[in-house]
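Please read these notes with the structure open beside you, and take the points one at a time.

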Amino acid sequence: MSTLTMKNLQKKYPNGYEAVPGLDLHVDDGEFLVLVGPSGCGKSTVLRMVAGLEDISGGDLLIDDVVVNDRGPQQRDIAMVFQSYALYPNMTVEGNIAFAMKLRKTDKDVIKAKVAEVAELLELTAVLDRKPGQLSGGQRQRVAMGRAIVREPKLFLMDEPLSNLDAKLRVQTRAEIAKLQRRLGVTTMYVTHDQVEAMTMGDRVAVLRRGILMQCASPAQLYEAPDNLFVAQFIGSPSMNVLRGKVSSAGDEGIALELAGQTITLTGASAQRLAGLAAYVGQEIAIGMRPEAIGGDGTATIDIDVDLVEMLGSEKLVHATMGAPSVRSTDTAIETGSGNESTVVASLDPRREIRVGERVTLTLDTLRLHAFDLSTGAAIGRSTS
Amino acid sequence: MGDIFSSLALVVVGIAIFVAVLGALYWLASQLPEPWRERARTAVFIGPGIILLLGLVIPALLNFRFSFLDRDEEWYGFGNYRDIFTNDNNIKVLANTLWWGILVTGVSTVIGITIARFADRMRGEPFAKALIFLPTAISMVGAGIIWNFVYSPKEYGLLNSMLRLLPGEQETKFFLQDPKLFGIQSNYVPGLNTILIMVVIIWIQAGFATVVISAALKGVPDDLVEAAKIDGATDRQAFYKVVLPYIKGTIITVATTVVIAVLKIFDIIQTMGKGGSFGTSTMANEMYEQAFPQDNEGLGAAWAVLLFVAVAPIVFVNARNQRAMREGR
């Protein structure tokens, strides 16, 4: 079993473009780390550097505490599942799974036994003598997995292995891969742009933006305590509502926030959580509310104008207007929406009656309120750090 | 000049008449009621093809009949065929053609694969490929004349000049008149002259092979090679075990195209082998030599039939390969 460590890992292209300016990341033995970010954030580049398919421009890559920068993909003892699966079209399923072992001149009986074992595990026994062209998408995906696990490598690398499956199969396969990884206990790095995949599969999730690590933490931590506005808005669906507000006062009696002409008062634990706001009195900040923080338990209230109600069965999504500009963390900057209005989404109990066009007063769970610095996007927490 | 223009004008008028007749027929067909309309339209388009095909089939059948006649156009049965397979000169022709098919096809394809592989993603690749492809554009007669200069025993003969640079006394070699190979002269062994003529065709066909195979190589997904490397394959193993099988269809297409061209090899034998002298003759050359200069139409026709029999299975393989490629592996 193995660990993977990146120390100031860099990727610069000859044209001067810095895909990865310097990444520090550690994957523990047996851990499932998901690398997530919008397209072009450098996540695949990082994965390809780990695989040895892309040259490393600077820094160190260590597998089991050994620097492997200069080793080719053949010498790193890793297995990779490609987005396209990259199955060898001229070989049967058996040939595909056995290819790596054949190259290593493994004993024929051993190969046969191992292929049979893996095929059994992945329910591929019936199709072992078919060619990839004759398989369904799900089967191809499993062959790609089989090719990886049969090797018992030090590392699994997966590059968006589910993106070519239909939605239903994706959910099912997602769970299967996660289960399989836990069972085999192989250290895994998984790249995806889909935050749902990241949240459901990873022991830890690393969020990348333009090659820079924004946060690496457990899914729960990313969701509950994002380090910055980018992570806050990237993780979660529907994404966090972030509006421009103001800190009116902060003192022993609590913190008063002004949002869309309404005052929200934080007291007790809610105020302690965001004690750092004291440094922002009189200044504008970004206030973040998850859809489910609105309309549930809560001490404060906000008024919203309902524009649209989406009934999803398990929840009711209410799209409403609030009188404050929205704030968005884009790939490059923090942008404030034009105009003085923005749409917020609240996730409500499906049994609750809400009519379009109404102005309703909803509770706000102040324990789940987030605050961000408008210029840096950094989360404001207990202290002003 | 005037001649050229009047010829051009004739060509244009001819094409215009052809298009006009077809267009008129098509228009007429379109006026018919269904279900006749669609059938008539189909006939309009297929018709000229069928007429052309008849123009091929009828002479072919006549030729087949001819192959059973002797020099004096008397019935000769299978005599011509017997002569081909028993006469020493004719066996030499058969063996030569076989060697042509094997050596030129094999070497051209291998050179094509090798150059395509190593030139791929090299700097200046397009320029290099253009240079390699250039000979393909040269007519065989032109190529024959160029290479005659190379092999010539005269002062300007390039190969002889190069040999003269070697130390010691070098006698002038008559390369294209040397029917021996390493001192062996046999009906079943191609002579040095044949080998040297083959070089010219390899020079021509390798360019074609390189360009086609190079295009196929660019169609191999990068993922596939990367997956092989991660599976532990060296560059070499990845190429032979993954890339080559992936472009197998293209390689078969190239090989069958070259083999068909080579089996019909004729003009180069005429220009470089002096019409098949010194044991350089091939089937297509013999077909012409017997039918026309030797005035033995029956034997010439028999060679033509054999040539057809030799090419037909290759065309079949090619067609099946094309279908397999279309249907995806």
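1. The phi of A:Gly52, which follows helix 1 of chain A, is positive, near 90°. This is a predicted model, in which local features need pLDDT of at least 70 and side-chain atom pairs count only at pLDDT 80 or more, while totals for chains, interfaces and linings use all residues. Residues are numbered from 1 along each chain as its sequence is written, and chains are lettered from A and ligands numbered from 1 in the order in which they are written. Helices (H or I, at least four residues) and strands (E, at least two) are DSSP runs, numbered from the N terminus. Helix 1 of chain A covers residues 43-51, and since eight of its nine residues are buried, it is largely enclosed by the rest of the structure. A residue is called buried if 20 or more other C-beta atoms lie within 10 Å of its own, exposed if 12 or fewer, and partly exposed in between, with C-beta atoms placed from the backbone. Among the buried residues of this helix are A:Lys43, A:Ser44 and A:Thr45, together with A:Val46 and A:Leu47.

2. Chain A as a whole. The secondary structure of chain A comes to nine helices and 21 strands, and its C-alpha trace spans about 75 × 45 × 35 Å along the principal axes. Of the 385 residues in chain A, 43% are buried. If we take the contacts in chain A between residues at least 6 apart in sequence, 68% of them join residues at least 24 apart; here two residues are in contact if their C-beta atoms, placed from the backbone, lie within 7 Å.

3. Two domains. Chain A is divided into domain 1 (4-227) and domain 2 (234-372), with bounds that come from an automatic or database domain assignment. The centres of these domains, taken over C-alpha atoms, are separated by 38 Å, and the contact takes 10 residues from domain 1 and five residues from domain 2. On the side of domain 1 that touches domain 2, helix 6 (195-201), strand 9 (204-209) and helix 7 (219-224) of chain A give two or more residues each, and helix 6 gives the most, with three residues.

4. A sheet of four strands. Four strands of chain A form an open sheet in the order 19-16-15-20, with antiparallel pairing; two strands pair if DSSP finds at least two bridges between them. Strand 19 and strand 20 (359-364) stand at the edges with a single partner strand each, so one side of each is left without a neighbour in the sheet. Strand 16 (residues 316-322) and strand 19 of chain A pair over seven bridges, and A:Val318 stands opposite A:Ala346 in strand 19. Strand 15 (residues 300-311) and strand 20 of chain A pair over six bridges, with A:Leu364 as the bridge partner of A:Ala300.

5. The nonpolar core. A nonpolar core is a set of buried Ala, Val, Leu, Ile, Met, Phe, Trp, Tyr and Cys residues joined through C-beta atoms within 7 Å. The largest one has 170 residues, and A:Met80 is one of those with the most contacts inside it. Helix 8 (residues 192-218) of chain B contributes the largest share of this core, 13 residues. Leaving out residues up to four places away in sequence, A:Met80 touches residues of chain A, including A:Ala51 and A:Leu157, and also B:Ala227 and B:Ile230.

6. Which class, buried or partly exposed, does A:Glu176 belong to? A:Glu176, placed in helix 5 (residues 167-184) of chain A, counts as partly exposed because it has 16 C-beta neighbours inside 10 Å. B:Leu299 is found in helix 14 (residues 297-327) of chain B, and with 28 C-beta neighbours inside 10 Å it counts as buried. Not counting residues up to four places away in sequence, B:Leu299 touches B:Asn80, B:Asp83 and B:Gln290.
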